[in-house]
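You asked for a quick read of this one before you open it yourself. Here are my notes, in the order I would look at things.

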Amino acid sequence: MLTKKVKNRILFLTYVFFFSIIALFFILKSLNKNILYFSSPTEIKQKEDIPLGKAMRVGGMVKKDSITVNQKNIQFIVTDFENEILISYSGTVPNLFAEEKGVVAEGKLSDKNFFIADRILAKHDENYMPPEIKEIIEKNAK
Amino acid sequence: MLSNIGIGLIISVLILSFLTIYSASLDLETSSQTIKKSIYKLSLFQTTFTILSFLTLIIGFLNSDFSLVNVYENSHTEKPFFYKIAGTWGNHEGSLLLWINILVIFSYLFLVFNHTHAKKFRLYTLIFQNILILGFLFFLLLNSNPFSPIYPTPPEGLGLNPILQDPALAIHPPLLYVGFVGCSIYFSAAMASLLSNYGGKLFAQSIKTWVKISWCFQTLGIIVGSIWAYYELGWGGFWFWDPVENASLLPWFAITALMHSLIVLEKRNTLYPWVIILCLSTFILSVIGTFLVRSGILNSVHTFASDPSRGVYILLFLSLMIFSALTIFFMKHKKENYNFNLKSKETFILANNWFMAFFLVTVLIGILYPIFLDVLTNTKISVGPPFFNIVIIPLVVPFMILMAIGPKFNWIKSQNKISYKIIFSILCAIGINLFIFYFFGEYSLLSNLIFIAAIFLILHSFLDIKKNISKKNRYKLPRIISHLGFGLLVFFIGINHQFSLEEDFNLKVGEIKKTDNYEINFQDIKIKESKNYKAVIGNFKLTNLKKNLVEYLEPEIRIYSNPETLTYEAAIKTKITSDFYLTMSNVSRSDYYNIKFQKKPFMVWIWVSALMITFGGFMQLSLKKNED
């Protein structure tokens with residue numbers, strides 16, 4: 001026969017177990033909702049089922065002479081040297097944003113050729129290249 | 001020349017470490033009750049030499065001695081004096097030397113100040129701390145030597161990244177390092193305590209002060225980093241849930257949990273294994289954070305130049321540390337029986353630990369998930385801020401309520417305590433929240449709960465302060481102040497989040513932009529020459545149309561010469577009730593300037609309340625008698 005103490009302990013452990021499972025379930029569920037996938041322009045072109053209007057990241061190099069600025073926003077073309085995508089953004093850009101430099105834009109796809117960014121990421125260090133972009137460039141340079 | 005001196009000093013520290021370990025293990029065998037004088041001397045010499053090596057590096061930077069690769073790569077003759085010194089730890093190699101300095105200094109101080117504790121425990125602590133020191137010394141010598149010479153000596157250095165030339169960022173690394181590396185001493189002490197069977201109350205007393213010191217510095221370091229990000233990165237935010245920021249938060253959760261459960265160990269002599277686990281994991285998490293930041297596997301806005309070979313070494317060292325810590329723990333730990341009453345102080349402190357553990361796991365999953373997914377499926381993802389907000393913020397509500405009522409309970413067993421104070425505070429909190437809700441704007445149910453809980457904690461803390469001041473119970477004040485600071489922090493962040501204004505647009509010089517309440521007039525630009533940069537300064541006139549108030553804001557675009565870099569300096573007008581924040585940037589030399597205008601209510605109060613949390617910690621350090 002189980003003593004009262006042991007019973008209490010088993011009860012306590014079951015509570016903890018179920019609580020942790022529920023907590024973990026919620027963590028993972030909201031994690032899945034808030035993941036930002038990173039894609040290159042080529043991946044966007046090739047993928048059939050890319051969701052429009054869902055937050056994501058696009059990265060590549062800012063194409064030379066492609067930046068235009070008007071009253072409302074900044075537009076520029078991001079290329080991975082195979083495919084391109086037009087990005088529109090309004091706000092200030094980070095200091096290392098420049099033509100022929102790597103960039104990561106966070107925002108939503110409007111269609112397969114047009115991306116509306118609400119955040120532009122660049123790094124502190126001018127020699128630094130985001131790992132994703134480095135990979136793309138190395139792949140396409142071959 | 002300096003290179004030889006530096007390397008000589010480092011090698012003598014290395015030899016001294018070996019000697020310390022050797023003579024300490026010899027001394028373990030002797031029957032004498034006191035530690036041999038020679039060990040004190042060795043440790044003192046070790047500390048002196050380490051500090052000297054750091055001073056050597058500082059001299060290298062001050063004299064712009066470009067025969068050192070490190071100075072050549074990170075300094076420049078025209079750099080202001082202050083940043084020449086700060087440049088010493090503004091790079092990987094120099095900061096590693098600072099890291100070792102802190103390891104060594106803490107090792108010595110722990111040896112000297114804990115003379116009342118058992119000899120065996122102190123010697124083991126010294127041995128483990130020196131093993132850590134050796135590990136990092138080898139890393140320094142083999143992979144990241146700040147004293148590597150360069151030949152022929154270059155005439156001019158490359159300069160320090162301008163974005164780092166900032167007072168907040170000059171003091172940010174030393175603060176964080178004292179916080180993170182300071183954890184090493186109770187990592188060693190925990191291992192020593194397991195091996196020498198020196199647990200319980202006495203162990204808690206021996207590490208108490210060190211835990212508080214590193215907690216204070218960690219908190220302060222994180223706040224200073226956050227302030228820097230606010231005015232330097234130009235987004236107007238102060239916390240981005242960026243992987244690197246998160247990495248600094250991991251040890252902080254662990255150490256906060258440790259600080260609380262340590263009280264239980266000291267007063268009730270229980271929870272010993274859990275305290276040991278927290279001691280071990282705090283330093284392990286600090287090293288994990290360093291690994292993540294330095295190896296460059298994280299895609300972060302804060303990533304500095306990184307080198308995978310560093311990552312491999314740290315990872316190796318880290319696995320060794322975790323493996324040996326776990327082995328010793330499972331070999332030596334003893335089972336304990338817990339009989340906690342639900343209505344007791346220990347239960348509430350445990351609740352704090354549960355929350356901290358939950359926050360820690362959440363942030364850890366957020367950091368590691370992208371890395372695992374990348375390795376397993378080669379999919380690149382990042383975890384957005386909404387994840388952390390959704391998972392963490394709802395739990396802050398019960399957390400704050402427990403923070404207010406938990407400390408009221410007695411040890412072992414208390415009566416039901418629903419005092420008039422709690423009822424009064426809750427009613428007032430609901431009232432104030434309704435007032436804000438109706439008069440300033442509507443917000444979600446969750447925000448309502450957050451505000452109510454925060455105001456409840458604030459009011460309850462104020463009542464506590466009033467009571468304790470009249471009773472002259474000064475030793476309770478530090479805890480109340482820290483808890484009050486946390487309540488205020490959450491409250492002001494909530495207000496700031498709900499009532500911020502943000503406008504993005506592009507303007508030519510001379511144009512005017514009108515928003516609902518404000519008119520922004522881009523009057524003109526002027527050029528300013530400074531010692532190591534040129535600046536384009538925009539002149540903005542900001543008019544509040546409702547109140548007819550005028551403000552002038554002058555954001556800058558700076559072009560630094562060494563190395564040639566562009567930075568955008570935000571113009572910030574800080575008022576008691578809100579900050580006006582304006583940044584301007586320019587791409588491809590177009591006529592249009594990109595403007596970001598923000599109004600951030602109670603910004604200054606976020607810093608004040610965060611500093612208040614730290615202040616509570618420092619105050620507790622200064623008081624002789626602590627709360628029981």
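Predicted model: local features only at pLDDT ≥ 70, side-chain atom pairs only at ≥ 80, totals over all residues.

1. Let's begin with the overall build of chain B. Along the principal axes, its C-alpha atoms fill a box of roughly 85 × 75 × 55 Å.

2. Next, how the chain packs. Of the 628 residues in chain B, 47% are buried. If you take the contacts in chain B with a separation of 6 or more, 74% of them are between residues 24 or more positions apart.

3. There are two domains to find: chain B is divided into domain 1 (1-165) and domain 2 (501-604). Their centres, taken over C-alpha atoms, are separated by 44 Å. Where they meet, nine residues of domain 1 of chain B are in contact with nine residues of domain 2 of chain B. On the domain 1 side of that meeting place, the residues divide into four nonpolar, three polar and two charged.

4. The largest nonpolar core has 165 residues, and the members that touch the most others are B:Ile100, B:Leu103, B:Tyr186, B:Leu258 and B:Ala454. Helix 7 (residues 167-196) of chain B gives the largest share of this core, 16 residues. A second, separate core has 40 residues, including B:Leu507, B:Ile557, B:Tyr568 and B:Phe597.

5. B:Leu103 deserves a click of its own. Leaving aside neighbours within four places in sequence, B:Leu103 is in contact with B:Gln129, B:Leu132, B:Ile133, B:Phe136, B:Val181 and B:Ser184.

6. Is B:Phe203 buried or exposed? It counts as buried, because it has 28 C-beta neighbours inside 10 Å, and the cut-off for buried is 20 or more. You will find B:Phe203 in helix 8 (residues 200-232) of chain B. Not counting residues up to four places away in sequence, B:Phe203 touches B:Ser193 and B:Tyr198. For a sense of scale, B:Phe203 and B:Asn433 are 45 Å apart in space, C-alpha to C-alpha, and 230 residues apart in sequence.

7. B:Ile381 brings in chain A. This residue lies in strand 1 (residues 381-383) of chain B, and it counts as buried because it has 20 C-beta neighbours inside 10 Å. Which residues is it in contact with, once neighbours within four places in sequence are left aside? From chain A there are A:Ile35, A:Leu36, A:Tyr37 and A:Phe38, and from chain B there are B:Pro370 and B:Leu373. B:Leu459, by contrast, is 78 residues from B:Ile381 in sequence and 42 Å away in space, C-alpha to C-alpha.

8. Some backbone details are worth a look too. B:Tyr151 and B:Pro152 are joined by a cis peptide bond, with omega about -5°. B:Pro152 is in the loop between helix 6 and helix 7 of chain B.

9. Finally, positive phi values. B:Trp241 is not a glycine, yet its phi is near 55°. It is found in the loop between helix 8 and helix 9 (243-268) of chain B, and it is partly exposed, with 19 other C-beta atoms within 10 Å. B:Phe602 has a positive phi of about 55° as well, and is not a glycine either. B:Phe602 is found in the loop between strand 11 (593-601) and helix 17 (603-622) of chain B. With 21 C-beta neighbours inside 10 Å, B:Phe602 counts as buried.

Terms used
Residues numbered from 1 in each chain as written. Chains lettered and ligands numbered in written order. Helix = DSSP H or I, 4+ residues; strand = E, 2+ residues; numbered from the N terminus. Buried ≥ 20, exposed ≤ 12 C-beta atoms within 10 Å, placed from the backbone. Contact = placed C-beta atoms within 7 Å. Domains from an automatic or database assignment. Nonpolar A, V, L, I, M, F, W, Y, C, P; charged D, E, K, R; others polar. Core = buried A, V, L, I, M, F, W, Y, C linked by C-beta atoms within 7 Å.
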